[in-house]
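Biologist: I am new to this model. Please take a close look at its salt bridges and go through them one by one.

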Amino acid sequence: MKELWHTLEKKSVLETLEVDEHVGVSSEDLQTRVEKYGKNVLTKKKGTSAILLFLLQFNQPLVYILLVATFVTAYLDEWVDSGVIFAVLLINAIIGFIQESKALKAIEELSSMSRSMVTVIRDDKKVVIDSAEVVVGDIVILYSGDKVPADMRLLRSNELQIDESSLTGESVATQKLEATLDKEALLADRTNMLYSSTLVTYGSAFGVVVGVGDETEIGHINTMIADADVLATPLTKKIAEFSGVLLWIILVMAAITFGVGVLRGGDSAEMFMAAVALAVGAIPEGLPAAMTIILALGVSKMAKRNAIIRKLPAVETLGSTTVICSDKTGTLTQNEMSVKKIYAGGKIYKVSGVGYDPVGAILDEETELTQNSSEALKETLIAGVMCNSSILISENGRYKINGDPTEGALIVSAKKIGIEKDVLQDELIHIDTLVFESQHQYMASYYSSANSPINPIYVKGSVEKILVRCDTYLDENGVLLQIDVKAIHAITESLAQEGMRVLAFARLHKDEKLDSVEHEHLKEGLTFLGLQVMIDPPRVEVIDAIKSCHSAGISVKMITGDHSITALAIAKEIGIQIESKMPTLNGSELGKYNDEELVSLARSVNVFARVAPEQKLRLVKALQQSGNVVAMTGDGVNDAPALAQANIGIAMGITGTEVAKSSADMILTNDNFTTIKDAIEEGRGVFENIVKFIAWTLPTNIGEGFVIMFAVFAGVALPILPVQILWINMSTAVLLGLMLAFEPQENDLMSRQPRDPVQPILTKKLIVRVFIVGFLLLVNSFASFWYVQSIGLSEDVARTVAVNIFVFGELFYLFNCRSMRHSMFKLGLFSNKWLIFGVISMATLQLAFTYIPFMNTIFRSAPLGMLEWSLILGSSLLIYLIVEFEKRVTRT
């Protein structure tokens with residue numbers, strides 16, 4: 001059973017680990033501890049070997065069909081065609097191998113991000129070692145800016161604050177204390193524990209290592225990433241099902257053809273070749289290449305729209321998404337604390353602008369204020385700047401805070417009214433600071449004035465601790481009045497209910513100069529200046545993005561490590577739908593439900609707060625059990641397991657950790673939630689184009705297969721030879737079918753509901769259309785083949801007519817397939833210029849097939865006259881008109 005270190009007294013922890021806090025671990029004891037507790041490195045999961053991973057790319061029904069086609073064409077001595085088909089197989093296998101190999105980097109990068117240099121006590125001496133050399137029982141000393149090297153129990157601290165946002169999702173630095181806690185305390189509430197890979201933002205720490213490597217919280221995340229299920233995407237599932245069905249259909253048709261032919265007295269060898277021809281005709285050789293190219297084009301388009309796709313099928317998976325699970329901090333919000341309201345002089349002012357960029361204003365209703373508008377407002381802002389140890393800096397056009405995010409927000413709010421710390425310091429000389437201590441819950445900075453006998457002490461802290469020390473307050477005209485503590489508490493409570501953090505500000509003027517400021521100076525007599533109210537604000541563009549998701553039938557859920565009130569306030573502001581019976585569910589409540597109960601809760605609740613990493617993983621799995629296609633967004637280490645488990649993981653490119661990026665299928669280069677909406681739209685367009693290609697290519701395969709079968713049944717010569725079938729399939733797939741990959745998105749894509757994950761690639765309506773076109777190709781080619789011979793033309797001419805009927809029938813039908821619902825005229829005849837290029841190229845190539853002598857020799861084709869061309873073009877136009885009529889009928 002894992003030791004609950006946060007529940008033990010410090011003395012008990014040291015006794016359990018057999019270490020003296022003053023001496024540390026001895027050199028002689030190091031190896032014993034490594035053998036007992038392990039090294040401070042994350043174990044790499046033994047993966048599939050490169051050779052096996054490559055061979056697994058061929059383990060698909062559709063590939064089995066193409067392998068058969070390769071051997072069949074080789075058997076027919078058509079080595080060029082055999083080589084082309086095998087080359088397609090090989091390229092697809094290489095691409096799949098590369099994409100899957102990239103996904104295995106997450107654990108390596110997790111390991112590398114955890115390493116740093118650290119100060120420890122060993123043999124009664126301070127030494128600096130690599131974090132990988134830390135052992136359980138090591139006494140570690142940490143200062144501001146240090147990375148925590150392992151999980152530690154805090155022994156002593158000085159104003160310690162830890163940034164745990166990458167682990168817990170908490171947007172504000174966590175205050176740490178040594179006091180013993182209850183065993184029920186959640187990970188984010190274990191204030192006497194320090195966790196590996198978190199950062200010290202303020203103060204110092206002295207603690208003992210209680211967990212290293214895989215036994216740290218980051219190590220458990222590492223295990224969850226390794227154990228996360230690798231799910232088949234909706235596309236790969238559907239293609240696998242489709243290919244499996246197609247494989248059996250082809251085998252049954254070929255067997256029937258061979259059997260009937262032999263029973264009718266045909267030569268076994270000839271009937272075998274006819275069965276082979278049928279198989280070759282029915283195999284959609286261009287499908288894998290077309291899918292790869294359509295997906296690759298989707299990747300290219302997404303890159304232009306600020307999204308990097310790491311795995312090809314992820315483009316299509318986005319289009320199938322039914323639920324987006326989003327982390328709050330840094331994904332839906334700025335991950336930059338911002339002051340939104342200020343209470344001073346009896347008034348509440350609004351603050352515009354978000355994040356650390358000091359653009360914005362302070363407003364009274366709609367009026368923009370200056371420093372002279374309110375003395376109380378001005379002094380509240382000055383107190384926030386002067387009682388502050390952080391710095392606002394600009395790097396590469398982006399502002400960031402060196403220090404505490406809360407203090408950063410105070411600097412930015414003051415800048416919006418023109419108050420600069422550098423200017424104030426020309427007059428006020430810093431003498432001393434009382435740093436924030438959790439037992440006092442305030443910070444104070446004492447200054448000496450160069451031009452005045454009054455020496456101010458500025459104080460900031462919790463409302464409760466500040467108000468008990470105040471007996472007056474400053475009004476907007478700078479007049480001191482009797483304070484109404486109850487009224488200020490009431491205002492504080494209403495602001496806190498909005499999910500915002502409230503800080504109080506006060507000052508004390510000292511006539512005499514002090515050498516230092518002490519707590520006894522601040523017991524009473526302070527003047528209350530005001531309140532600054534802040535929050536990690538939502539991204540402005542998120543509101544419209546969530547609206548678009550809802551209109552597209554996609555549910556958006558917030559899963560965060562932050563507090564319930566804050567999470568709910570942000571959720572309401574950005575438009576996440578709130579369940580009235582259970583608006584939020586927190587981590588401790590979530591742990592009370594079993595997996596079956598959680599499936600129902602995960603569907604109805606849209607805001608989850610104080611959630612631990614393993615609980616995020618549970619939620620994603622629960623949603624998947626309901627049949628949802630889940631997209632998970634995030635940027636922290638704590639998001640990585642859920643990103644890996646989700647059908648598609650989406651990481652933030654700017655603020656995201658390398659672990660999150662490597663676990664994800666897609667990375668947003670601009671960290672903009674709106675890009676997800678664009679990605680979903682692109683994904684839907686990709687799937688539409690794949691469906692269009694399949695609906696376009698199958699009638700040819702069906703028609704060719706039935707042409708061979710009926711010829712055998714009727715005991716007549718084959719209207720199309722195997723080599724001619726390969727010509728039709730390969731040339732039209734490249735020059736006609738692939739042009740559908742460039743088809744622009746249809747305007748109503750984001751007004752449609754998500755596809756049902758269990759819905760097959762082809763709906764019943766499309767299957768009917770495929771068979772209608774296949775039947776028309778069969779009838780037209782057979783009838784023309786018979787008619788041309790009946791008027792005395794050669795068999796080669798008749799076969800050339802049959803081949804051209806298939807090619808030009810596909811060409812005309814291509815225009816039908818530009819949309820499964822609308823006419824090509826509604827889309828714009830020339831909106832897909834690549835398709836026009838493909839049509840012209842195919843027509844030119846087909847003329848070469850018909851009239852150039854060496855092509856006649858290779859493919860046993862022959863020149864045609866006007867009568868034959870009229871048959872070809874007339875039958876092709878008939879296909880186009882019938883399909884357009886069918887579209888109109890089924891649309892109404």
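Modeller: A salt bridge here is a side-chain nitrogen of Lys or Arg within 4 Å of a carboxyl oxygen of Asp or Glu. The model is predicted, and a search of the whole structure finds 24 such salt bridges. Some of them join up: Arg 305, Lys 677, Asp 678, Glu 681 and Glu 682 are linked in a network of salt bridges.

Next come the single pairs. In helix α29, Glu 795 and Arg 799 lie four residues apart, about one turn of the helix. An α-helix has 3.6 residues a turn, so residues three or four places apart point the same way. The side chains of Glu 795 and Arg 799 meet in a salt bridge with an N to O distance of 2.9 Å. Glu 795 has a relative accessible area of 31% and is partly exposed, whereas Arg 799, at 5%, counts as buried.

Another pair joins Arg 818 to Glu 743, and its closest N and O atoms are 2.9 Å apart.

The last pair is Lys 510 with Glu 512, whose side chains form a salt bridge at 3.7 Å, N to O. Lys 510 is buried, with a relative accessible area of 16%. Glu 512 is partly exposed at 41%.

Terms used
Residues numbered from 1 in each chain as written. Predicted model: local features only at pLDDT ≥ 70, side-chain atom pairs only at ≥ 80, totals over all residues. Heavy atoms only, no water. Buried < 20%, exposed > 50% of the residue type's maximum accessible area, 1.4 Å probe, protein only. Helix = DSSP H or I, 4+ residues; strand = E, 2+ residues; numbered from the N terminus.
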